[in-house]
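Hi,

Here is the structure I promised to pass on.

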Amino acid sequence: MARLYMLLARRYPSGFRRTVRLVVIGSYGALALLLAFGVGSHWTRNSALAAETRDIKIDNYSFSPGDITVPVGTTVTWTNQDETPHTVVAQDGAHSFKSGGLDTDDKFSYTFDKAGTYVYICSVHPYMIGKIVVK
Amino acid sequence: MSEHSNSKSAPLPAGIMRDGVDRRGLLKCMAWAGAGVLWTVSGGVPRSMGLGDAAAATMGGLTFVQISDTHIGFKQAANPHPDVTMTEAVTRIGGLPVKPSFLLHTGDITHLSKPEQFDTAQQIIKSANSEVHYVPGEHDWLDGGDAFKAHHGQGTKGDGWYSFESQGVHFVALVNVVDFKAGSLTSLGQDQIAWLKDDVSGLSASTPIVVFTHIPLWAIYPKWGWGTEDSGQALDLLKRFGSVTVLNGHIHQVLQKVEGNVTFHTAMSTAYPQPAPGAAPSPGPLKVPADKLRSYLGVREVTYVEGQQNLALVDSALSASA
């Protein structure tokens, strides 16, 4: 390669160097485009795998944080840190999510695939109210 | 019960008592009341009676026991072994000088509504050798009531309400752990209230009524859910009766109220105590020193004597000498 370079440089001195520069820049550009679209799509797949997760703790008969806003696709996990069982029940007509009885240290997760505002309560202590806004 | 202007006990009669309880039985009865309290209502005001007057409370008539909030399956620091303390409570009931006609369990039989927890509770209570009438607590309804109904739903209506008679006293079992709405107190619901109206419609006003349900029927502390939204409608239906006794659980401590002809009594748990209304940030289990635990747990003996307006209640802690 070096010998070819030397040969061509001698034959086409000024134009050659410009051409080499263009080729080098061009190939970097092409690589960048490839990365953006080809290899890049592999990266966006990776970031989908590392999707948003949020944690809510149930503590002292309350949800904490009690009011959050998350992007579509977020998985929210509730953990009961009280010594009393609690539940997590969506208050929309269809009860989109419903945890069943959660003992101390039990967890419940739900992935929010649809945008909307979700109010939920603990069904046995209904003064415990939380809200999740999904955008 | 007749008026007592002071707390000095009457001299103990010798020999056999009117109801056939002899002196030894009376002493056993007094010992059982030990660290407990005998309550009676006189002229609309709850009064505690001297121990010597405890005899009057067992003068024949109907005797039954209220046990509550056994929470089988609870294993946190406040009491890792509620099965042990429930067993102690049942043993205590077995040692009563007068065998109760039956037991009322005012709910939270289990901690997590698990079938094996219902089974364990049933096993323990078997040694009381008594019929038991149950109402569910919210801890018994975490699965929507399936396990509770499978174990204790026979012969009940709707979500588990029913009534029965015993020696002229009419017992009504209500369920108020099903209809929880966001941000409000629990409810009995219109179906149950309609059933109650029908159930008591044919009874004479002199029939003593005992209502038992888990969550208190008066607004003790709404911030913690200690009350029932539509209890007023149910109590209106019972206004015409001369004697109404309401027995509740849920709050794991004894509180009482008198309103006209209605007396309300909550009960101790046999599992763990809870804080007094507002005395803690939340109503969760209250850890007390291990050697004090049993003074916060207990059962209640209730006696109805024909001709007396009000029932006599004796609350007995597990720590009282038996």
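This is a predicted model: local features need pLDDT of at least 70, side-chain atom pairs count only at pLDDT 80 or more; totals for chains, interfaces and linings use all residues.

Let me start with B:Q274, which sits in the loop between β11 (262–265) and β12 (298–304) of chain B. Residues are numbered from 1 along each chain as its sequence is written, with chains lettered from A and ligands numbered from 1 in the order in which they are written.

Is B:Q274 buried or exposed? It has 23 C-beta neighbours inside 10 Å and therefore counts as buried. (The cut-offs: buried means 20 or more other C-beta atoms within 10 Å of the residue's own, exposed means 12 or fewer, and partly exposed is in between, with C-beta atoms placed from the backbone.) Leaving aside neighbours within four places in sequence, B:Q274 is in contact with B:I251, B:H252, B:Q253, B:P283, B:P285 and B:L286; contact means that the C-beta atoms, placed from the backbone, lie within 7 Å. B:Q253 is 21 residues away from B:Q274 in sequence, and the C-alpha to C-alpha distance is 7.0 Å.

β11(B) pairs with strand β9 (residues 244–247) of chain B in the parallel sense, over four bridges, and B:V244 has B:V262 as its bridge partner. Pairing here requires at least two DSSP bridges between the strands. β11(B) is also joined by four bridges to strand β10 (residues 256–259) of chain B, this time antiparallel, with B:V258 opposite B:T263. β10(B) and β11(B) make a hairpin with two residues between them, and B:G260 in the turn has a positive phi of about 65 degrees.

Also in chain B, the axes of helix α3 (residues 82–94) and helix α4 (residues 115–126) come within 9 Å and cross at roughly 30 degrees. The axes are lines fitted to C-alpha atoms over the stretch in contact, and angles run from 0 to 180 degrees between N-to-C directions. On the α3(B) side, B:D83, B:M86, B:T87 and B:V90 meet B:T120, B:I124 and B:I125 of α4(B). That contact divides into four nonpolar, two polar and one charged. (Ala, Val, Leu, Ile, Met, Phe, Trp, Tyr, Cys and Pro are nonpolar, Asp, Glu, Lys and Arg charged, and the others, Gly among them, polar.)

Over to chain A, which has two helices and eight strands. Of its 135 residues, 19% count as buried. An open sheet of four strands runs in the order β3-β8-β7-β5, with mixed pairing; its edge strands are β3 (67–70) and β5 (89–90) of chain A, each pairing on one side only. β5(A) is joined by two bridges to strand β7 (residues 116–122) of chain A, antiparallel, and A:A90 stands opposite A:Y120.

Finally, where the chains meet, 19 residues come from chain A and 18 residues from chain B. Strand β8 (residues 125–134) of chain A gives the most to chain A's side, with four residues. That side divides into seven nonpolar, nine polar and three charged.

Cheers

Note on methods
Two residues are in contact if their C-beta atoms, placed from the backbone, lie within 7 Å.
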